[in-house]
Amino acid sequence: MSFSKNHIFGPQSWEKRIQDIQDFWEKSRKEAYKKELHFYASLVRIQNLSPYATLLTFWTEKQSLFDLGGSQSLHIGDYLQLPEQRRGYIQKILSHRREFEVFLEGNCPFFEGQKMEIRRNHLAFLYENKEALLEELISEKPPMLQYVKGILDGTLQLEEIKLEDNKDIESLPLDPFQKIAVLGMLQTPDFWLLWGPPGTGKTFTTAHGLHFLLEQGKRILLASHQHVAIDSLLLKLIELYPQDGDKILRMGYGGRSTEGLAPYRFLQRREEMPEKTEEEILQSFPLIATTLSSLASPLLWEETFDIVVEDEAGRPPLPTSLLGILKAQERFILIGDPLQLSPIVPRKAEPWLSHSFLEIALAHEETKKRKMELVIHRRSHPKLVQPTSRLYQLHGHQGLQVSQVTSSPLAELEDPDLLFHPEYPLLYVPKKEKTAKWYKFGETMSLVDPLEAVMAYEIALEFGKVLSYQSLWILSPFRLQTYLMASLFRKKHNPMEFVTTIDQTQGGERDIVILSLTADRKTTLEKKVDFHRLNVALTRARFKAIIIGNIWEMMEVRHFEPFLNGLLENGKELPFQISPYSLQKVKNKLAFILRKRKKTAFPSKEGHSSLAVLEDLSHIPRKERSLIQGFPRIKKR
């Protein structure tokens, strides 16, 4: 099966496409309203970072806000609506103290001890803004609209272009496919598509392309669905071309890798240019980097750019992707991989909207004239690449060629057994029993399998004897399974740094990946795991990947065929047994986790806290307790 227009959607008029997009926004708003969260919190500390920034520390008695996962809990990066029309984002969460820190731009109009109502994450309001912006962009008929319309209604007609050689690009340490990709970014008259599977140097290539676009004097928007993708690309650009740092303006809240980008953020630039307005600061930098959702903010609403570069373009929903594309005056460049994580769309949206704009564009016959595929893979062991290479070939890609990779740290071990042997990078632990069960986790249902959890844990312990845990990733598609596996490790190992869901790992890599499929029935594997997630999980590993799960049920899922063929041809079965004692221990841990999440954490009617609540409240310094309105009185026993 390859990408084709008929595979994604049948012929429809442009008017019908627009109507489907309007329905998409409406359904997105309805789902967002269900996730609206209102709560009260007391302001404990105010720390003035600069004349333009304040750090606020809040305390709340609502324990459910700190539960892991679910729509009714807080997360780092969440935007909060405070009184007096002030907005901030959560920078740090101290769950054991029921505190969270909020970064607030500008001066602080609040006082310590003030109790206030807080609204978390105005998604519905954000969707309304995005819908209004897209309607305005389409009504203004920007230059790129004709290409968007042609791709979506099937009428696109393009002329062939001949890319001219460039001596500066020829001298770069790029492979032939990467050089053509950079030339296309510089010379295309309308748009350019770059399909970069994992490990093919997509970020490295794009960074070089951005540099030469800046050399041409272009005003560029670098946008993506997630902060971490933007930050990774900016850090690579600054590493390769330090002089380009003076041209970068990073808008909005940064992702996990923001330390190296602090000098380029809007807040820092504003301190350096106190005499300029926000609009003037924006015009002072030729490279603006932000998320696609931030384009609907008032400051960026009216902005247009010569070139729009959208990284990880296979991830955002199609209407969101159009917000960036339609702001381009000369050309747009889409970079990504439609076979990794797919867009998250509301239920009952039109099926064609479950595909990204990049995937739809790649499916069009005419876009072959504006497309480049990266082919040479440099990350993983060749036997790890073969299953994914087959997957890409089935979807119309040329397939992957493996370049020489660095030596595995496992190669230094003397007389390694099968688990550590560097010549067997792909292992699987088959599980015949169907032991996974669904439980309510937060506001949603999640799947968990104690048997797979203890297998993954004991395998990780073996690797922990010779490698750092930070060189591992223990993955599952389900939050409750990762929570259970993380709880088995000692806190000193910081398990939340190497035990996570597959969705949190796109763009990263580790030496060893241990994957717990968790799902052990055909329907669950097909709907909740799917080949996109499996592709992401396996391509994170540099030297060894270990799959734990029901291989026989996987054989029933057609989309897993290329993976299974590669697994059975290149992989080895890893004999593994666990003791009944270990399994029972993990089951007890799961029962404890589920019981703990059911407990309420509110003061009793008498005004005294329960013993469980006292354990948390006692962490708050006594001098700060008096600032908290409604703080429960602690009764000494």
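Analyst: A definition first. Rings of Phe, Tyr and Trp (its six-membered ring) form an aromatic pair if their centres lie within 6.5 Å; planes under 30 degrees apart are stacked, over 60 edge-to-face, and the rest tilted. By this rule there are 15 aromatic pairs. One of them, Trp 25 with Tyr 127, is tilted, at 6.3 Å centre to centre and 50° between the planes.

User: Where do Trp 25 and Tyr 127 sit?

Analyst: Trp 25 lies in helix H2 (residues 14-34) and Tyr 127 in helix H3 (residues 123-139), so the pair ties together parts 102 residues apart in sequence. Helices (H or I, at least four residues) and strands (E, at least two) are DSSP runs, numbered from the N terminus.

User: And what kind of model is this?

Analyst: This is a predicted model: local features need pLDDT of at least 70, side-chain atom pairs count only at pLDDT 80 or more, and totals for chains, interfaces and linings use all residues. Residues are numbered from 1 along each chain as its sequence is written, and side-chain values use heavy atoms, leaving out hydrogens and water.

User: Is Trp 25 buried or exposed?

Analyst: Trp 25 counts as buried, at 1% relative accessibility. Buried means under 20% relative accessible area, exposed over 50%, and partly exposed in between (1.4 Å probe, protein chains only).

User: Which rings make a cluster?

Analyst: Tyr 147, Phe 191, Phe 332 and Phe 357 are linked into a cluster by ring pairs.

User: New topic. What is the strand order in the closed barrel?

Analyst: The closed barrel has 6 strands, in the order S1-S2-S5-S4-S3-S6, with antiparallel pairing. On average, neighbouring strands of this sheet are turned by 45° against each other, direction ignored. Two strands pair if DSSP finds at least two bridges between them.

User: How many bridges join S4 and S5?

Analyst: Strand S4 (residues 86-94) and strand S5 (residues 99-105) pair over 6 bridges, in the antiparallel sense. Leu 94 is opposite Glu 99 in S5.

User: What about S6: which residues are on its covered face?

Analyst: In strand S6 (residues 115-120), Met 116, Ile 118 and Arg 120 make the covered face. Lys 115, Glu 117 and Arg 119 make the uncovered one.

User: Which strand joins S6 by 6 bridges?

Analyst: That is strand S1 (residues 37-50), running antiparallel to S6. Phe 39 stands opposite Ile 118 there. Strand S3 (residues 79-82) also runs antiparallel to S6, with 2 bridges. Gln 81 faces Arg 119 in that pairing.

User: Now H7. How many of its residues are buried?

Analyst: 11 of the 14 residues of H7 are buried, so the helix is largely enclosed by the rest of the structure. Among them are His 208, Gly 209 and Phe 212.

User: What span should H7 have?

Analyst: The 14 residues of H7 (residues 202-215) should span 20 Å at 1.5 Å a residue, and its end C-alpha atoms are 20 Å apart, which agrees. The expected span is 1.5 Å times one less than the number of residues. Gly 217 follows H7, with a positive phi near 80°.

User: Which strands pair with S11?

Analyst: Strand S8 (residues 220-224) pairs with S11 in the parallel sense over 5 bridges. Leu 222 has Val 309 as its bridge partner in S11. Strand S12 (residues 328-336) also runs parallel to S11, joined by 5 bridges. S11 (residues 305-311) is mostly covered, with 6 of its 7 residues buried.

User: Last one. Where is Met 273?

Analyst: Met 273 is in the loop between helix H9 (266-272) and helix H10 (278-283). It counts as buried, at 16% relative accessibility. Leaving aside neighbours within four places in sequence, Met 273 is in contact (heavy atoms within 4.5 Å) with Ile 281, Ser 284 and Phe 285.

Key:
Axes fitted to C-alpha atoms, helices over the stretch in contact; angles between N-to-C directions.
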